[in-house]
Amino acid sequence: MKTNTLLQIAKDFGSPVYVYDTEMITSQYKRLTAAFSKVKQVKINYAVKALSNISVLKLMKTLGAGLDTVSIQEVKLGLTAGFLPEQIIYTPNGVSLEEIEVAAKLGVQINIDNLSILEQFGTKYPKTPVCIRINPHVMAGGNTNISVGHIDSKFGISIHQIPHIIRIVENTKMNINGIHMHTGSDILDIDVFLYASEILFETAKHFKDLEFIDFGSGFKVPYKKDDIETNIEEFGEKLTKRFNEFCKEYGRELTLAFEPGKFLVSEAGVFLAKVNVVKQTTSTVFAQIDSGFNHLIRPMLYGSQHEIENISNPKGRERFYSVVGYICETDTFANNRRISEITEGDILAFKNAGAYCFSMASNYNSRYRPAEVLWHNNKAHLIRKRETFDDIIKNQIEIDLSK
Ligand SMILES: *Cc1c(COP(=O)(O)O)cnc(C)c1O
């Protein structure tokens with residue numbers, strides 16, 4: 001998106017504000033489907049938790065995507081956005097049997113990730129098709145914050161417990177129609193992913209009535225220059241070959257499913273915030289913006305580096321800044337970062353702000369969550385109003401303490 005467009009959006013809708021570009025989301029979706037064009041049946045289920053605005057979900061629907069959901073509320077959001085139940089897969093972790101029953105009654109595809117619920121659900125509803133989330137114990141990426149495939153992860157049913165799964169399935173006569181894995185949020189290495197896929201294929205052979213194999217996600221997008229990025233085209237070519245071979249071996253055409261969040265929306269998003277104060281200390285120049293980890297927590301939670309551009313002075317002389325927020329707590333977005341000269345009132349643009357940014361925002365410090373704007377067909381559309389004081393107070397109950 002052009003600098004002038006972003007500046008105009010900050011002017012028209014105020015700051016801080018999230019902006020998402022539908023063209024970018026669309027091109028990422030097409031890139032992914034093109035990489036798997038030689039697989040007969042491919043299903044891309046967008047991971048709602050990355051960015052759950054209903055207008056974004058509607059865009060996904062027009063593109064032909066389904067949804068990957070992790071809570072009953074996300075299921076309901078998807079249905080509200082107009083998705084059919086069969087276009088939604090529900091992949092929770094550690095939720096109650098009751099919540100899974102509600103989802104099953106709504107008609108969405110259930111994905112179960114522990115033996116206890118598998119046995120209870122299978123006993124009660126042997127006819128309802130169920131997908132099983134496997135943990136192949138493959139570490140994709142080195143960061144233990146985001147690798148979920150390792151041996152002590154809370155996600156999925158261990159590959160070593162396949163005999164136990166099979167016993168439950170045989171005893172309950174339940175219907176297993178899919179096998180799933182999601183090895184974490186950063187696939188650094190295509191070969192690691194392919195290795196995990198082989199484990200999934202081996203697992204799949206134990207189940208005779210499969211309709212799909214879901215390879216989860218974890219596609220890596222670049223956050224800063226020279227960042228590693230998943231080569232989707234190479235990955236598509238290699239997995240396509242193996243998948244098609246497997247289908248022959250299995251004796252049936254299966255659907256290949258993915259559930260990307262970050263890959264589809266991360267780079268399409270920009271977060272715009274205004275510099276309130278430029279403050280010099282003995283060693284540092286701070287640029288303090290009208291935001292904090294209440295609006296964008298990834299740098300503090302994961303150490304993620306979002307590129308920051310001063311769009312009010314894009315050609316200015318570069319200087320070193322620490323970009324921090326206004327929260328009464330350490331909320332450093334960037335340390336010692338080279339940014340073109342900042343004046344109070346300038347608008348800073350944070351890149352890669354589409355995924356896990358607004359969706360992780362909170363009201364900490366009793367601040368309002370930002371507005372969201374969709375840039376679509378060369379026009380800015382407000383898709384979420386900035387909160388007001390009413391939102392802060394509406395669920396609070398004032399009691400009479402004198403009684
Ligand atoms: C979060 C999540 C995803 C999406 O991961 P990305 O790294 O954003 O692509 C996919 N599947 C499941 C089960 C998830 O929990």
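1. Buried here means under 20% relative accessible area, exposed means over 50%, and partly exposed is what falls in between (1.4 Å probe, protein chains only).

2. Some ground rules before going on. This is a predicted model, so local features need pLDDT of at least 70 and side-chain atom pairs count only at pLDDT 80 or more, while totals for chains, interfaces and linings use all residues. Residues are numbered from 1 along each chain as its sequence is written, and side-chain values use heavy atoms, with hydrogens and water left out.

3. Now the overall picture. The chain has 12 helices and 18 strands (DSSP runs numbered from the N terminus: helices are H or I with at least four residues, strands are E with at least two). Its radius of gyration is 23 Å, close to the 22 Å from the globule rule for 403 residues, so the chain is as compact as a globular protein of that length. That radius is taken over C-alpha atoms, and the rule is 2.2 Å times the number of residues to the power 0.38. The C-alpha trace spans about 65 × 65 × 40 Å along its principal axes.

4. On the inside of the chain, 51% of the 403 residues are buried. Of the contacts between residues at least 6 apart in sequence, 67% join residues at least 24 apart; a contact means heavy atoms within 4.5 Å.

5. Have a look at the aromatics. The structure holds 20 aromatic pairs. Rings of Phe, Tyr and Trp (its six-membered ring) pair if their centres lie within 6.5 Å; planes under 30 degrees apart are stacked, over 60 edge-to-face, and the rest tilted. F36 and F235 have ring centres 5.9 Å apart and planes at 80°, so they form an edge-to-face pair. F36 is in the loop between α2 and β2 (42–47) and F235 is in helix α9, 199 residues apart, and the pair links these distant parts of the chain.

6. For F201 and F246 the ring centres are 4.7 Å apart and the planes are at 20°, so that pair is stacked. F201 belongs to helix α8 (residues 190–204) and F246 to helix α9, so the pair ties together parts 45 residues apart in sequence. Both F201 and F246 are buried. Ring pairs build a cluster whose members include F36, F201, F235, F246 and Y250.

7. Helix α9 (residues 232–250) also packs against helix α2 (residues 22–35), at an angle of about 30° with the axes 8 Å apart. Axes are lines fitted to C-alpha atoms, for helices over the stretch in contact, and angles run from 0 to 180 degrees between N-to-C directions. From α2 the contact uses R31, L32 and A35; from α9 it uses I232, E233, G236, E237 and T240.

8. Some backbone spots to check. The S15 to P16 peptide bond is cis, with omega near -5°, and P16 is in the loop between α1 (3–13) and β1 (17–21). Phi is positive, near 60°, at Y356 and likewise near 60° at N378. For context, most residues other than glycine have a negative phi, and most peptide bonds are trans.

9. Y356 is in the loop between β16 (347–350) and β17 (371–376); N378 is in the loop between β17 and β18 (379–384).
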